[in-house]
Amino acid sequence: MSVAPESPPPEPPARSGPADAALRIGGVVVAVWTGLLAAVLELIFATWAWDVVKGRPGGVSKTVIGILLAVGGIAAVVVLTVLVAWFARAAVGTRWAVVLPALPWFVVIAAGSVRTTEGDLVLTGDNLLGLGVILAGALTFAVLGFRQVLLRPNAS
C-alpha cells in the first residue's frame with residue numbers, strides 16, 4: 001500500500017471530427033424517437049391496466065391487482081424515463097440533452113389527454129393510473145433536467 005496520493009484518471013480524448021458529429025446527430029434522432037416511443041408505450045400500458053382494474057369484480061382481488069399494476073407501472077415509467085434521459089445525455093454529450101426525449105414525451109402525453117373529433121380519448125379523467133403516469137414522467141424529467149442545471153460544466 002502506497003502513501004503517495006493517487007494521480008487523477010487520464011482525461012478522455014476530445015470529441016471532434018465528422019464521425020463524432022454524425023454520432024451526435026444519430027444520438028439526437030434516437031433520443032427523440034425513444035421519448036416518443038416511451039410516451040406511446042406508457043399510454044398503452046396505462047389504458048390497458050386501467051381497463052384490467054375496472055373489469056375485475058370488486059373486493060380484495062380488484063384492490064390488490066390495482067395496487068400492483070399502479071406501483072409497477074409508475075416504477076416502470078420512472079425507470080424508463082431515467083434510462084431515456086441518460087441515453088440522451090451520453091449520446092449527445094451535452095447537459096441539455098434531457099430535453100430531447102422530454103419534448104416529444106410531453107407532446108404525446110398531452111395529445112393522449114385531448115378528445116379527438118371522433119370522440120376518442122386515451123387518458124380519461126377517471127384513469128388514476130394514467131394520471132400517475134403523467135405525474136411520474138413529468139416529475140422525473142423535471143428532476144433530471146434540474147440536476148443537469150445544477151451540475152458543474154465539467155462534471156458528468
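The chain has 4 helices and 0 strands, where helices (H or I, at least four residues) and strands (E, at least two) are DSSP runs numbered from the N terminus. Read from the N terminus, the order of elements is α-α-α-α. The model is predicted, with local features needing pLDDT of at least 70 and side-chain atom pairs counting only at pLDDT 80 or more, while totals for chains, interfaces and linings use all residues. Residues are numbered from 1 along each chain as its sequence is written, and side-chain values use heavy atoms, with hydrogens and water left out.

Two packed helices are described by the angle between their axes and the distance between the axes. Helix α1 (residues 18-55) packs against helix α3 (residues 99-112) at about 30°, and their axes lie 7 Å apart. Axes here are lines fitted to C-alpha atoms, for helices over the stretch in contact, and angles run from 0 to 180 degrees between N-to-C directions. The two helices are therefore roughly parallel to each other, a label for angles under 35 degrees.

In contact terms (heavy atoms within 4.5 Å), V28, A31, V32, G35, L36, A38, A39, V40, E42 and L43 of α1 meet L100, P101, P104, W105, V108, I109 and G112 of α3. This contact has 14 nonpolar, 2 polar and 1 charged residues; Ala, Val, Leu, Ile, Met, Phe, Trp, Tyr, Cys and Pro count as nonpolar, Asp, Glu, Lys and Arg as charged, and the others, Gly among them, as polar.

Over the chain, among contacts between residues at least 6 apart in sequence, 75% join residues at least 24 apart.

Definitions and conventions: Parallel < 35°, antiparallel > 145°, perpendicular 65-115°, else oblique.
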